[in-house]
Amino acid sequence: MNIPTGRLAVWWVLVSEIVIFGGLLVSYVMHRLGQPEWAEQAAHTHLWFGATNTFVLLTSSLSAVLAHRAAEEGNGPKAAKLLHLTCLGALTFLIIKSVEWTDEIRSGFTLQDGGFWSYYYTAAGLHAFHVIVGAVIMLWVAASARKNQDLHRVENIGIYWHFVDIVWIFLFPLLYIAK
Amino acid sequence: MAQHSHEAAHVAGASHDAHHHQNWFQKYCWSTDHKMIGMQYMFTGMAMALLGAFMAYVFRMQLAFPGHAVPGFGLVSPGQYNMLITNHGSIMIFWVAMPVLIAGFGNFLIPLMIGADDMVFPRLNRLSYQLFLLSALVLIASLFVQNGGFGGAWTAYPPLSADKHYNLTPWGSSLWLIAVVLEFVAFLLGGINFIVTSMNSRAPGMKAFDVPIVVWTIVIASILFLASVGPLVAGAIMLLFDQLLGTSFFNPTRGGDPVLWQHLFWFFGHPEVYVVMLPAMGIVAEVMTVFARKKLFAYKTVIYTIIATGVLSFFVWAHHQFVAGIDPRMANVFTVTTLLISIPVAEMCFVYIATLYGGSIRLTTPMLWALAFIAEFLIGGVTGIYLGSSGLDVFFHDTYFVVAHFHYTFFPIAIIAVMSGVTFWFPKMFGRQLNEFWGKVHFWGTIIPFNGIFIPLFILGAAGEHRRIFDYSNFEHMSKPWMIDMRIAATVSLVVMLAFQIPFLINFVWSMFKGPKVGKNPWNANTLEWTADSPPPHGNWAVMPEVHRGPYEYSVPGRERDFWPQDEKV
Ligand code: HEM
Ligand SMILES: [Cu+2]
């Protein structure tokens, strides 16, 4: 078995993350199927905020892929720049998210407002937490990549970032589109 | 992360870190050495076991002599009683069985048995222990906050756990939950380390089927843990939000679903019993082959069995919920899967008995513990089959029959198998021998009273004694004279058993410093850890070992010696 140690560990981290989000989302779906009235609450989510954020996050994965390629070519400084671009995407995502949440809370939809909103804020919040953690690690990886050190980590953080992306791809239809 | 430093370490062999001087704090509290971390886990687990045992002593005294002040504690109030049983269960499972069996033995044994100089991520390993220690401190703190510790049972069913108006412990319940989540994170970090280390760092020549059973079991247990705990991590966050932020996941008065928690909890909770059982089975395999001087019967079959058990364990969880209002058709399915899983468990016991057959058995202290493990665990497993049959379980659920069942599984795992392992590897850990005589005194003084505690509980449970009741005097049908006598018998047995732990503790500490010194391989065993010094230095070997054969080549015909170490060329 010849998967490099760091990458192997990232895969196992992802397995544990998949079951965490899996548990949450399966609970949500089962709950939601039994509560048709949640559709009404779900109608108040902002589809366009969600869609924009989906676009932002997917784009940020592109620069993560390019950073990996740069790292493979041994071009650390370029990889670092591309990683910073990805972080910029993360920041945009978080800003849009906070504008969106502020608006919803102003309109009176809070965590305490019944089952749908409990899941909405908890699932998206847990995801946003992963975005923040991912971005912080990425800055740290970029800092050493710029000095051409530990370039293998560029790929590892990229794998993690794709995962954060994929989680959102599940969250978006489940929370915004399903009516 | 630490990949590079690790690779550098490989080149430098055993000399890394050995030269620059470490002060006491760096050596014992801030070490990245897997053996030191394993020892830290083990000692923390032992300390928590004393706390958990004290709690058991207090609530058993209350049950046997209700209304009397308990020596060393005082009068027990109903709230305190609930707090004690809740935290006894939580501590024994999450802060004793897990740290000692998985993290303690896993850390100490995996690199030594696969011929590596350390874990692949030593600093992550240290972080794992530190988080674990923090979780233990948070749990202990939760007992002393305003309104007392959490009392909603180790399973923390909502709505009781979700709403402070019901459980009356606003601080205790949230701190309990935070402690549990911290502990999970610690074990996730540790588990990933174990899995990756055993996949990538095996000694040259060591193929998958040359790996000792105990390493297999700990690694598979880590995978099981990692794959099952996720939903409960999500569930714990949801429950914490229910408690603190007023969400409505589990609280039915706000539209939540309390049975959802039961699913999330037991989806983890059942695999968890195998998470702790598998390493115990592994320890017993190592000890039995050494002291029967025989090859393990059907090595590969055991590994397939372990894997099968792991897979099946994901499909039995609802046998804890037969009376929780689940669909009766689902109850049928879960009855079948539960009966199915008894097959691999029984098979492992048979394999061990077959290993003993025709061996030249040496009844050393570790061997006595290993034999007792099979005998006692069998009773736990067999009664599990009764409980798995939904028709019977409707009657037995939430009685002391269940309590006796799981103590006949957990006690053999967390105490008997652990004692077997501790007495077996003690010479490797400390370079000295434990006293055999006092070891045997401790053995009999533990095993006999153990049965004295829990056989009465089977009988009481079958007679309808409900669990989680503070004072049975209020229930006429549960306080007939013979029932009171049995309760007292169980409690007296417990006190006797606790008293017999004193010789163990003394023997342990005394032998650590004063026991007779031993060489590398006092038991004439095959596996790699016995080729390192006792205790092994940082880095484990000066020259890293190579592997030429499987771990259980004992009494091979035509050879002069009755063992054949894995690293020996011919
Ligand atoms: C042969 C395998 C086993 C079977 C068929 C089995 C079956 C069961 C069933 C059906 C229950 C639910 C009883 C009820 O609440 O009404 C149960 C409870 C329990 N079992 Fe087992 N079991 C087995 C092995 C184990 C093992 C190996 C462990 C521990 C390491 C274990 C620990 C527990 C615990 C802790 C509970 C009670 C949880 C609680 O309600 O607090 N069991 N078992
Ligand atoms: Cu179970």
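B:Leu168 sits in the loop between helix 6 and helix 7 (170-200) of chain B, where helices are DSSP runs of H or I with at least four residues, numbered from the N terminus. This is a predicted model, in which local features need pLDDT of at least 70, side-chain atom pairs count only at pLDDT 80 or more, and totals for chains, interfaces and linings use all residues. Residues are numbered from 1 along each chain as its sequence is written, chains are lettered from A and ligands numbered from 1 in written order, and side-chain values use heavy atoms, without hydrogens and water.

- Most residues other than glycine have a negative phi, and most peptide bonds are trans.
- B:Ala156, in the loop between helix 5 and helix 6 of chain B, has a positive phi of about 50°.
- B:Ala156 is buried (under 20% relative accessible area), at 1%.
- A cis peptide bond with omega of about 5° links B:Pro158 and B:Pro159.
- Another cis bond joins B:Ser534 and B:Pro535, with omega of about -10°; B:Pro535 belongs to the segment after helix 17 (501-514) of chain B.

**Around ligand 1**

- B:Asp393 has a side-chain N or O atom 2.5 Å from an oxygen atom of ligand 1.
- A polar side-chain atom of B:His405 is 2.9 Å from a nitrogen atom of ligand 1.
- A polar side-chain atom of B:Arg467 is 2.9 Å from an oxygen atom of ligand 1.

Notes: Polar contact = N/O pair within 3.5 Å; in protein donor to acceptor, adjacent residues only side chain to side chain. Helix = DSSP H or I, 4+ residues; strand = E, 2+ residues; numbered from the N terminus. Buried < 20%, exposed > 50% of the residue type's maximum accessible area, 1.4 Å probe, protein only.
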